[in-house]
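Please look over the sequence and the structure shown here before reading on. The briefing that follows takes up surface, pocket and salt bridges in turn.

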Amino acid sequence: MTYTYNYNFDNSNAVLGGMLVGYLITFLVIYVLSVIAMWKIFTKAGKPGWASLIPIYNTVVMYQIVGLHPLLIILLFIPFINGIAAIVLSIIQCIRLSKAFGKGAGFTFGLIFLSPIFLLILGFENDKYIGFEQ
């Protein structure tokens with residue numbers, strides 16, 4: 001009597017699962033760091049820090065800090081417009097946020113392209129919130 005063992009080393013599911021876990025952990029770390037940075041920024045601007053924990057409300061508070069009308073968030077829920085509106089409003093928000101803390105164009109560039117890092121810098125630096133120009 002002969003026994004044959006059929007070994008199937010198909011590890012594709014394990015590899016995909018590992019990649020998914022890696023991406024989720026990376027996303028979670030970036031999200032937590034962004035919430036911490038926004039908490040500090042909100043506190044500096046005289047807004048409640050806990051507002052950074054509530055997903056849509058934190059955008060409304062950030063718009064108030066940078067001088068954008070909070071109702072602009074409605075544009076983010078309109079199909080076919082939301083993609084372009086998100087990009088444009090995000091860039092405007094970064095420009096105004098850096099100006100509200102007295103930063104220049106280089107810092108604005110950093111906020112646009114490396115947002116979590118520059119939000120942490122903005123939150124933990126000793127810069128004061130000077131507001132925005134109407």
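**Briefing on the predicted model**

With a relative accessibility of 56%, Phe27 counts as exposed, because the cut-off for that class is over 50%. The model described here is a predicted one, and Phe27 is placed by it in helix α1. The points below begin with the surface around this residue and then turn to the pocket and the charged pairs.

**Nonpolar surface**

- Phe27 is one of the residues of a nonpolar patch on the surface, which also includes Val21, Ile25, Leu28, Val29, Tyr31, Val32, Leu33, Ile36 and Phe124.
- Taken together, the residues of this patch have about 930 Å² of accessible area, and the largest share of the patch, 9 residues, comes from α1.

**The largest pocket**

- The largest pocket in the model has a volume of about 450 Å³, and of the 16 residues that line this pocket, the closest to its centre are Met38, Thr59, Ser90, Gln93 and Ser115.
- Two or more residues of the lining are given by each of the elements α1 (12–44), α2 (55–66), α3 and α5, and the largest share, 6 residues, comes from α3.
- Sorted by class, the lining of the largest pocket consists of 10 nonpolar and 6 polar residues, with no charged residues.

**Salt bridges**

- Side chains of opposite charge can pair when their charged atoms come close.
- The structure holds 2 salt bridges, and through them Lys103, Glu125 and Asp127 are linked in a network.
- In one of these bridges Glu125 pairs with Lys103, and the closest N and O atoms are 2.5 Å apart; because Glu125 lies in the segment after α5 (115–124) and Lys103 in the loop between α3 (82–100) and α4 (105–113), the pair ties together parts that are 22 residues apart in sequence.
- Lys103 also forms a salt bridge with Asp127, where the closest N and O atoms are 2.5 Å apart; since Lys103 lies in the loop between α3 and α4 and Asp127 in the segment after α5, this pair ties together parts that are 24 residues apart in sequence.
- Glu125 is partly exposed, with a relative accessible area of 31%, and Asp127 is likewise partly exposed, with a relative accessible area of 24%.

Methods: Residues numbered from 1 in each chain as written. Predicted model: local features only at pLDDT ≥ 70, side-chain atom pairs only at ≥ 80, totals over all residues. Heavy atoms only, no water. Salt bridge = Lys/Arg side-chain N within 4 Å of Asp/Glu carboxyl O. Helix = DSSP H or I, 4+ residues; strand = E, 2+ residues; numbered from the N terminus. Buried < 20%, exposed > 50% of the residue type's maximum accessible area, 1.4 Å probe, protein only. 1 Å grid on protein atoms, 1.4 Å probe; cavity = no way out; pocket = protein on both sides within 12 Å on 5 of 7 lines; lining within 4 Å. Points joined across faces, edges and corners; volume = space filled by probe spheres on them. Nonpolar A, V, L, I, M, F, W, Y, C, P; charged D, E, K, R; others polar. Patch = residues over 30% accessible without salt bridge, like charges linked within 9 Å, V, L, I, M, F, W, Y side chains within 5 Å. Areas by Shrake-Rupley, 256 points an atom, 1.4 Å probe, with all protein chains shown as cover.
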